[in-house]
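Me: I want to know what stands behind the labels in this model. Take me through them one by one.

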Amino acid sequence: MLNEILYRTTQTLFLSFLSYMLLRSLLRRQEAPITRLVQMTAHLSNGAAVNGNTNNGTFSGVSLQDLPKTNIFTSKLPPDPKYKTPSASHNAPREDLGPRMVKGALYTFVRPEETSEPELLGVSPAALRDIGISPGEENTSDFKAFVAGNKIYWDPSTEEGIYPWAQCYGGYQFGSWASQLGDGRAISLFESTNPSTKTRYEIQLKGAGQTPYSRFADGKAVLRSSIREFIVSEALNALGIPTTRALSLTLAPNSRVRRERIEPGAIVTRFAQSWLRIGTFDLLRARGDRNLTRILATYVTENVFQGWE
């Protein structure tokens, strides 16, 4: 057992070192060593999620199109009153969906910003399996557009399907109450259910653009931190440590993100059984919104913890 732990820990540190070397190469504007990232993600293929049953048996997965999708979160909880419907948000100029205060709501309908010439750098085989997506689906144009934020499962002509959303919550930063925070650069696309294990996940994009909760930020993510989240999330899962998961890493080559310096942009497609947090309740407490607290508590009990008993 100790040898297994040491092996897994060494593997995690090795993968983190490789991610650093990859980033250094990219920042030097050399050709992206994509094959190295593919090799790194291959090490994660045997991970087993600890956040649900992942024993798929002989089930080989389904296509992204056939993957069961729901929007229980947005169907049961109140939306941003400024954009009460998906069409209201969709018809608004994308720049109007930026930072502002949102009250009386737990989310805002908001679509990802388009990514120009995206490049899929890596996919976790373990994540594909645990979600229930068949191997090889990552090579399709639909998958590549989906993880780049260029495909959503909502039809503007019929207004049918599932429209993306960003959550509203609060929290503390640097020891002080920061009031409204929210998904400043994360946008949820839908909830998926593995047809074999029946485990439901909420799938979202990190780094897909501004939302009303971005505050003073740009809603983007740099490649540097995205590599770290992608690799470490799956490494922790492989070690049996409860964690959020990462499905894919996409380079946004035409997105130059300003941090301490100009850096390449990227999008991580990540998932968890729920993205609700203590801060979701905290913001409602701070605002004295008892009615919405009761609605949220009922939702969590019935849809996250599967009932009152």
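Me: What makes the largest pocket a pocket, and how much space lies in it?
Reply: About 430 Å³ of space lies there. A pocket is an open set of points on a 1 Å grid over the protein atoms alone, with protein on both sides within 12 Å along at least five of seven lines. The model is predicted: local features need pLDDT of at least 70, side-chain atom pairs 80 or more, while totals for chains, interfaces and linings use all residues. Numbering runs from 1 along each chain as its sequence is written, and side-chain values use heavy atoms, without hydrogens or water.

Me: Which residues of the pocket lining lie nearest its centre?
Reply: Gly182, Asp183, Gly184, Arg185 and Tyr213, out of 19 lining residues. Lining means having an atom within 4 Å of a point.

Me: What makes the other space a cavity?
Reply: In a cavity, a 1.4 Å probe fits but cannot get out. The count comes to 1 cavity of 30 Å³ or more. The largest cavity has a volume of about 60 Å³. Strand 10 gives the most to its lining, with 3 residues. A strand is a DSSP run of E, at least two residues.

Me: Why is Thr74 called buried?
Reply: Its relative accessible area is 9%. Buried means under 20% (1.4 Å probe, protein chains only), so Thr74 is buried.

Me: What does Thr74 touch, not counting residues up to four places away in sequence?
Reply: Tyr107, Phe109 and Trp165. Contact means heavy atoms within 4.5 Å.

Notes:
Buried < 20%, exposed > 50% of the residue type's maximum accessible area, 1.4 Å probe, protein only. Points joined across faces, edges and corners; volume = space filled by probe spheres on them. Helix = DSSP H or I, 4+ residues; strand = E, 2+ residues; numbered from the N terminus.
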